Each structure stands twice: as structure tokens, then as C-alpha cells.
Amino acid sequence: MSARVKSYAAVDLGASSGRVMVGRAGPDTLELAEAHRFPNRPVRVPEGLRWDVLALYAGVLDGLRAAGSRCGGRIDSVGIDSWAVDYGLLDADGALLGNPVHYRDGRTEGVAEKVWTTVPAEELYAATGLQYAPFNTLYQLTAARSTAQLAQARRVLLMPDLLAYWLTGEQGTELTNASTTQLIDPRTRDWARGVAERLGVDLGLFPPLRHPGDPAGLLRAEVLEETGLAGPVPVTAVASHDTASAVAAVPAAGERFAYICTGTWSLAGLELAAPVLTEESRAANFTNELGLDGTVRYLRNIMGLWLLQECVRAWGDPDLGGLLREAAKVPALRSVVDAGDAAFLAPGRMPERIAQACRASGQPVPGSPAETTRCILDSLALAHRRAVEDAQRLAGHPVDVVHIVGGGTRNALLCQLTADACGLPVVAGPTEAAALGNVLVQARAHGTAGDLAGMRELLVRTQPLTRYAPRGGTARWRAAEARLADR
């Protein structure tokens, strides 16, 4: 392996913002700096909620230009990760057919039940291992079946693959993100062809599968000219589902760990060698998504800091630090809500909806932003506890520590409450897990990082981590759990 430190551009797209990070990686080096950040603002048009993908692409180009200026006009590779399930449709000329539909759009309401009349939910889970979520790509494609756009489409490209196509002119479907479509068999790590055939989904619309580390083309001459980068610049397929990149950057030693990838969503679960496809697992709404090097991300989706983000927006963006300090003074577990409830999925009026959920369950209604914030954080910690406990039981895979990565690592109160709720030590960090995982997969592909264990050992040596010890026992958390179960 070359000992030379190389520079990588990590395009990391979230549901509310995107950024281009510059990573420098070598055998004893892992550094990350933000080159450019830009908003990701969905737009509601008459036909529904859509992603402004052209603005995203412009942000990527601006970010690559900024990355180049940090590196003397030369970067060694580009990788792209993003949120899951959403896609763009291309016509026979390779042109985009309209803005991609946002996963929070209402078009998939009631679609799953129609799908289950052809492939019952139990059979669908046994074949694909994917939890029920109304916005899974399978349900989106089913909802789009009678549309003119899908009739014209000759290609379906998931969001990171769409941007990579615009950068390089080459098409592919990266596997970790494809595993969120509900069209992949997690045992074979290939398309679930029987499911697709029964449901009338044309898998020929998807370009061939790629794996993390595979080459994904070179930046087009026009892109080099616009960004000022010196070519050739390869694009490398990374674990392009941002959660897959984040899990690759969990600084764990051994196998006895749980992880919680925090941000707009909390993704809480285990890294396994094989999927868990039991009916009990389906009933518990766990998903089997694919990770790096043959691993399975066995996890549950929890609504996450979206609840707090929406409340803060409704309150006129008060100082978050002050709000969290006030929330820490509120009595613990006064009121809790189910942080996985689909009632909280749509944007708007979040404080009122949380108050209504407390009222409906006979609990005290939060009377201030601080009380609502404490309700949210207690509820998230409780949901983290349930997910970690259920995952261990269903997979037969005990853990000794919980790793929290992503934006939630900045929220010390949430990290401590999660340690208290789980009754396990929490290691928080790195904050920029998805971007670091993106960089590390590129670095490995280009000879400046080792295997998955080596990548994680490098993270431990180079990234700041904070440890939280559990306090006070878990009895009060079990009691709060029982309150929710009795609703």
C-alpha cells in the first residue's frame, strides 16, 4: 500500500443540506475539512413535493471547485453519498424527466397495502428483508406506474448515481443504496427478481450494480473546465447510502457493538454477517440493508432529530444551545411519545402534534419549548433503547457498547440520555461519520487505507471521541416504555 497521503472529495448530501468535504488520508492520517456547504430545499409544486436536483448539482460543482482550490487544483478521487430511496428518471436520450419526487410526498399513501395483495408483507420481508416504510422505492415505483414520466423512462438512477452520471456520463447502481429499494435480496446481494416480476417492476430500468470501491468513471471535460480541476479525476463508488458510509466510520473494535447514526433520522442497530429474515423481525420493523464488505446493517428507522428540527423551525429558530440547557433542567421522562410513529413524518406544526400525542396518551402536555425539547430527547433515547434491545434479542447478538455517530454527537444531553436508557456506555463520534466513511472507501480503493478493521482503527487514532457512562439504572426507562406500550 502506498504511504503517500492523498486528497479526496466527499460529496455528502443530506435531506436539508449538502456539502463537499475534502479528506486527506494515508496510513497514519485522516483529516477532514469542509470545502462548501449548500442548502437542500425541497419545493412544493402543484403535482407534489420535489427535490431541486439542479440546485444540488450546482452545489456539487461549486463544492468541487472549492475542494480543488484547497488542493492546488488536484484531487485524487470524488465519491458521492446521499439519503436513500429517491431516484430520477431518464428518457432514451439520457435527459432527466422532471425533478425527483421527495420521499415525504404523499403519493405513496395506501400503496403498500395494494402491493401486499400481490406479494403479502410476510413474503416481501422474507425475500428482501426491508422494513415497512411508506416511501420505499418499490412503493414509489408502484405509485408512479400509470404516469407519463415512468412510461417514457428508460433509466432509473438513485440520487447519488444520478449525480455521478452527470459528472461522468457513466451509469451504475451502487449496492448499499440499492438495498434500500426493497428490490434487493440481502442473502444473494443481487436483485430480488421474483419480487420484481410479480409486481411488474422492470429491473432493466436500473443500470448494473456497483460495489463500494468500484470505479464509476472520470469527470467529464466540461466538469473539469467548470471546476478548474486538473484531470483525469476518477469518481469512485462509495457506500453511497449515507447511513452505509456512516456505519463504515463507526470507530468500533470487534463485533459486540451497536450503532446509532443520528441526524434527521436515527438509524439504530447492529452490524451483522447475515440478514435476519424472521417473521418476528418483520413484526418489530427491522430492516436488513447492505453495508461494506459483505456486512448487513440490521437496524430500525426512528424519526430522529427531525422532531426537534421541525419544532425549532416552528419556534422561529431560537438559540439551540440555550434551549438544550433549559431542557436539561426539566424533570426526566415527564412525557414521552413514540419517536417512530408515522404521525410525525410530515412537516409542519410539530409542537402541536407532540402536544396532541401527549394529551391522547394521558400524559402531561409540554407547556414550553424547553419541556417539548425534553420530551423529544427523552423519547428519542427511549426509542434508541428499544431498538438496541430488540436488535440484540432478534439477532442473538449481544453488545457491550453503543456508538453514536453523526450530528447527534453534538447533543451531549441526547448522548447521555441514550447511555442512561440503554444501560450501556456510549461512545460519541465522529460527527462527520458519513463523509469520513465516504473518504475511507475512496482511500482504500486508491491504496491509502486498509481493510474495514484498519479503517476503524485509524478513526480511533485520529478522531475526537467522547464517552458517556450510564447513570441511575434503567428501571425508570422500563416504566416509561410500559407507559407507551399501554397507549
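## A helix lying across a sheet

Let's start with helix 15 (residues 369–395), which lies across strand 15 (257–262), strand 16 (266–272), strand 18 (296–302) and strand 19 (401–406). Helix 15 runs at about 145 degrees to strand 18. Helices (H or I, at least four residues) and strands (E, at least two) are DSSP runs, numbered from the N terminus. Axes are lines fitted to C-alpha atoms, for helices over the stretch in contact, with angles from 0 to 180 degrees between N-to-C directions; contact means heavy atoms within 4.5 Å.

Keep in mind that this is a predicted model, where local features need pLDDT of at least 70, side-chain atom pairs count only at pLDDT 80 or more, and totals for chains, interfaces and linings use all residues. Residues are numbered from 1 along each chain as its sequence is written, and side-chain values use heavy atoms, with hydrogens and water left out.

## A closer look at helix 15

Helix 15 has 27 residues and reaches 38 Å from its first C-alpha to its last. That is close to the expected 39 Å, where the expected span is 1.5 Å times one less than the number of residues. Of the 27 residues, 22 are buried, so helix 15 is largely enclosed by the rest of the structure. Here buried means under 20% relative accessible area, exposed over 50%, and partly exposed in between (1.4 Å probe, protein chains only).

Asp378 sits in helix 15 and is buried, at 1% relative accessible area. Leaving aside neighbours within four places in sequence, Asp378 touches residues including Pro331, Arg334, Leu417 and Trp477. Asp378 and Leu417 are 39 residues apart in sequence, yet their C-alpha atoms are 6.9 Å apart in space.

The open sheet has 7 strands in the order 17-18-16-15-19-20-21, with mixed pairing. Strands count as paired if DSSP finds at least two bridges between them. Strand 17 (287–290) and strand 21 (466–468) are at the edges with a single partner each, so one side of each has no neighbour in the sheet. On average, neighbouring strands are turned by 30 degrees against each other, direction ignored.

At one end, strand 20 (residues 426–428) pairs with strand 21 in the antiparallel sense over 3 bridges. Val426 stands opposite Tyr468 in strand 21.

## Salt bridges

The whole structure holds 31 salt bridges, each a side-chain nitrogen of Lys or Arg within 4 Å of a carboxyl oxygen of Asp or Glu. One of them joins Asp400 and Arg256, with the closest N and O atoms 2.7 Å apart. Asp400 lies in the loop between helix 15 and strand 19, and Arg256 in the loop between helix 10 (242–248) and strand 15, so the pair ties together parts 144 residues apart in sequence. Asp400 is partly exposed at 42% relative accessibility, and Arg256 is partly exposed at 43%.

Another salt bridge links Arg313 to Glu310, at 2.8 Å between the closest N and O atoms. Both residues lie in helix 12 (residues 306–314), 3 residues apart, or about one turn of the helix. Arg313 is partly exposed at 47%, whereas Glu310 is buried at 7%. Elsewhere, salt bridges that share partners join Asp12, Arg19, Arg410 and Glu432 into one network.
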